[in-house]
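I opened the model today and kept notes on what I looked up. Entries follow in the order I made them.

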Amino acid sequence: MLDEYLARIRAHRTNIHRYRRLLKSNLSDVERQFIEKRLTEEQTAPEFLSAETFPLAFSLRKGADTPAN
């Protein structure tokens with residue numbers, strides 16, 4: 001499961017680099033909008049993937065901010 005998680009993280013990172021490289025090229029407005037949208041999606045995907053893969057760690061972290069009774 002960890003290998004799959006890491007592979008998915010690498011895929012998102014690769015896509016982010018590709019989209020950033022494409023944004024430096026000559027694109028039409030429609031192409032640029034599409035690439036910018038995909039870049040945003042790829043940048044937020046690892047957060048969701050982490051929450052999905054390690055839900056307990058995130059719920060504990062949120063609870064750590066509350067004062068103990």
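Entry 1: I began with H1. Its 22 residues should span 32 Å at 1.5 Å a residue, and its end C-alpha atoms are 32 Å apart, which agrees. The expected span is 1.5 Å times one less than the number of residues. Helices here are DSSP runs (H or I, at least four residues), numbered from the N terminus.

**Entry 2: ground rules.** This is a predicted model, so I noted that local features need pLDDT of at least 70 and side-chain atom pairs count only at pLDDT 80 or more, while totals for chains, interfaces and linings use all residues. Residues are numbered from 1 along each chain as its sequence is written, and side-chain values use heavy atoms, with hydrogens and water left out.

**Entry 3: confidence.** I checked pLDDT, the predictor's confidence in each residue, from 0 to 100. The protein chain has a mean of 80, and 72% of its residues reach 70 or more. Confidence is highest in H1, at 90. It is lowest in helix H3 (residues 55–63), at a mean of 53.

**Entry 4: the faces of H1.** Which residues of H1 are buried? I found Tyr 5, His 12, Asn 15, Ile 16, Tyr 19 and Leu 23. Buried means under 20% relative accessible area, exposed over 50%, and partly exposed in between (1.4 Å probe, protein chains only). Seen down the axis of H1, the buried residues fall within an arc of 105°, so they line one face of the helix. The arc is that of the directions from the helix axis to the C-beta atoms. On the other side of H1, Asp 3 and Arg 21 are exposed.

**Entry 5: two residues of H1.** I looked up His 12, which lies in H1. His 12 counts as buried because its relative accessibility is 17%. Leaving out residues up to four places away in sequence, His 12 touches Glu 42, Ala 45, Pro 46 and Leu 49. Contact means heavy atoms within 4.5 Å. Arg 10 is also found in H1. At 43% relative accessibility, Arg 10 counts as partly exposed.

**Entry 6: the core.** I then turned to the largest nonpolar core, which has six residues: Ile 16, Tyr 19, Leu 23, Leu 27, Ile 35 and Leu 39. Helices H1 (2–23) and H2 (29–53) each give it two or more residues. The largest share, three residues, comes from H1. Such a core is a set of buried Ala, Val, Leu, Ile, Met, Phe, Trp, Tyr and Cys residues joined through side-chain atoms within 4.5 Å. Beyond its neighbours within four places in sequence, Leu 39 is in contact with Ile 16, Tyr 19, Arg 20 and Leu 23.
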